[in-house]
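Trainee: I have a structure to go through. Can we take it one piece at a time?

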Amino acid sequence: DLVEYPAVVAGHFPVEFLQLPEEVLTTTMIHHQHYFPVVDDEGRLKPAFLAVTNMQPEKPEIIARNSERVLTARLRDARFFWDEDRKTPLASRVDRLDTILFHKQLGSYREKADRVAALAAWIAGDALKRTDAAPHAELAGRLSKADLATDMVRELTELQGAMGGIYAREEGNREEVWKAIYYHYLPVGVEADAPPSRQQLGAAAVTWAAVSLADKLDSVVGMFTAGERPTGSRDPLGLRRQAQGAVKILADLPELTGIDARLRMGPLLARAAEPFGGYGEASTLLFTFMADRLAYLLEQRGFDVRNVRAVTHGGIEQVSPLEARRKLDALAQMSGSDALIGVATLFKRVKNITKGISAAGVDVASLDPKLKEPAERALGQVLTIRGPGIR
């Protein structure tokens, strides 16, 4: 949509630039030059590109040559950044994050990295019960923002996260660490197949889930406590996207990590709020916001709005996104069945019978002692014995 009369010319760049990471090459071509990268039959990049012009050129070779000159200059800059960045270990850049402000009330990116590291270790070790993954999650969380202090990311901001993972890999870090850094900004979609996939994550599945959750929950909870909230269509800090990413991870946890853990939102949010001294006055708005994000994810996957409301009632603190998703799957399979209709009829009768009874429960002391039917007497005896536990 950038041109009115598109025509395509082909160009090439020196093959030596293929030594750069593929992410650097494609980002330079696509995001900065609006060129199309070219791959071979096996999906590997070739030293070639396609450029689109706004006319049918009389001498396409001239346009191609000029496009090659511009792209080559950009790739030389990228190669310089690549070589310079690798002279300094990624861990040594963490201290430089003190100079990069995350939020005026929440401190620098160094402070955020420390919070993410601690929260990621807790999620991996305590919430997911994978104590073996906790040290890797803590290290990945601490290094997750270090690439913000690199020349490459300052020039190609689209590569934040990815470059941190690449640099960590080049330094010999384990897969559990570098992939957790590489993918920690994902997911950004609510679809079940939104990347990253279990295959892409490999051995880093658990550490990635811990770091990604920690980063997103820290941002959402921190911003709400600082008074930053989305309004209408305005969401400059991307809190909706981050909250949806968090609930997507929790809803698809078995498929992404192989861990069948029904983590509830309440303990996760509470732990994320600890560095900020709790929720403050933001608790109601935060809980409502997270409930809306979970409802949006479930509705986007085609579940009935009424069913979504049914499985997310009672406050988001008590809700497990995975459990909610499974309940909806079960409801969808049972919809219209005789069994479900029977249960609905039964609940309707119970509701009518118990009309007027308070939510506090049955007062055992008020039961009529002159019960006639054997079943009534047996029930009365059980209620008398176990009354304190069911009031």
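Trainee: Where is Val3 found?

Mentor: Keep in mind that this is a predicted model. The strand to look for is β1, which covers 7–12. Val3 is found in the segment before β1.

Trainee: Is Val3 buried, partly exposed or exposed?

Mentor: Its relative accessibility is 31%. Buried means under 20% and exposed means over 50%. Val3 therefore counts as partly exposed.

Trainee: What is the accessible area of the nonpolar surface patch with Leu2 and Val3?

Mentor: Besides Leu2 and Val3, the patch includes Val8, Phe36, Leu50 and Val52. Together their accessible area is about 530 Å².

Trainee: Is Thr27 buried or exposed?

Mentor: Thr27 sits in helix α1, residues 22–32. Leaving out residues up to four places away in sequence, Thr27 touches His32, Glu158 and Leu159. Buried means under 20% relative accessible area. The value for Thr27 is 8%, so Thr27 is buried.

Trainee: How far apart in space are Thr27 and Arg154?

Mentor: In sequence, 127 residues separate Thr27 and Arg154. From C-alpha to C-alpha, the distance in space is 13 Å.

Trainee: How many of the residues of α10 are buried?

Mentor: Helix α10 spans residues 239–251 and has 13 residues. The buried ones include Leu239, Gln242 and Lys248. Helix α10 is largely enclosed by the rest of the structure, because the buried count is 11 of the 13.

Trainee: Which helices do the buried residues of α10 pack against?

Mentor: Look at the helices in contact with those buried residues. They are α9 (205–225), α11 (253–257), α12 (265–273), α13 (283–300) and α15 (321–334).

Terms used. Residues are numbered from 1 along each chain as its sequence is written. This is a predicted model: local features need pLDDT of at least 70, side-chain atom pairs count only at pLDDT 80 or more; totals for chains, interfaces and linings use all residues. Side-chain values use heavy atoms; hydrogens and water are left out. Patches are made of residues with over 30% relative accessible area and no salt bridge: like charges are joined within 9 Å, nonpolar side chains (Val, Leu, Ile, Met, Phe, Trp, Tyr) within 5 Å. Accessible areas come from the Shrake-Rupley method with a 1.4 Å probe; for residues, only the protein chains shown count as cover. A salt bridge is a side-chain nitrogen of Lys or Arg within 4 Å of a carboxyl oxygen of Asp or Glu. Helices (H or I, at least four residues) and strands (E, at least two) are DSSP runs, numbered from the N terminus. Buried means under 20% relative accessible area, exposed over 50%, partly exposed in between (1.4 Å probe, protein chains only). The expected span of a helix is 1.5 Å times one less than its number of residues. Contact means heavy atoms within 4.5 Å.
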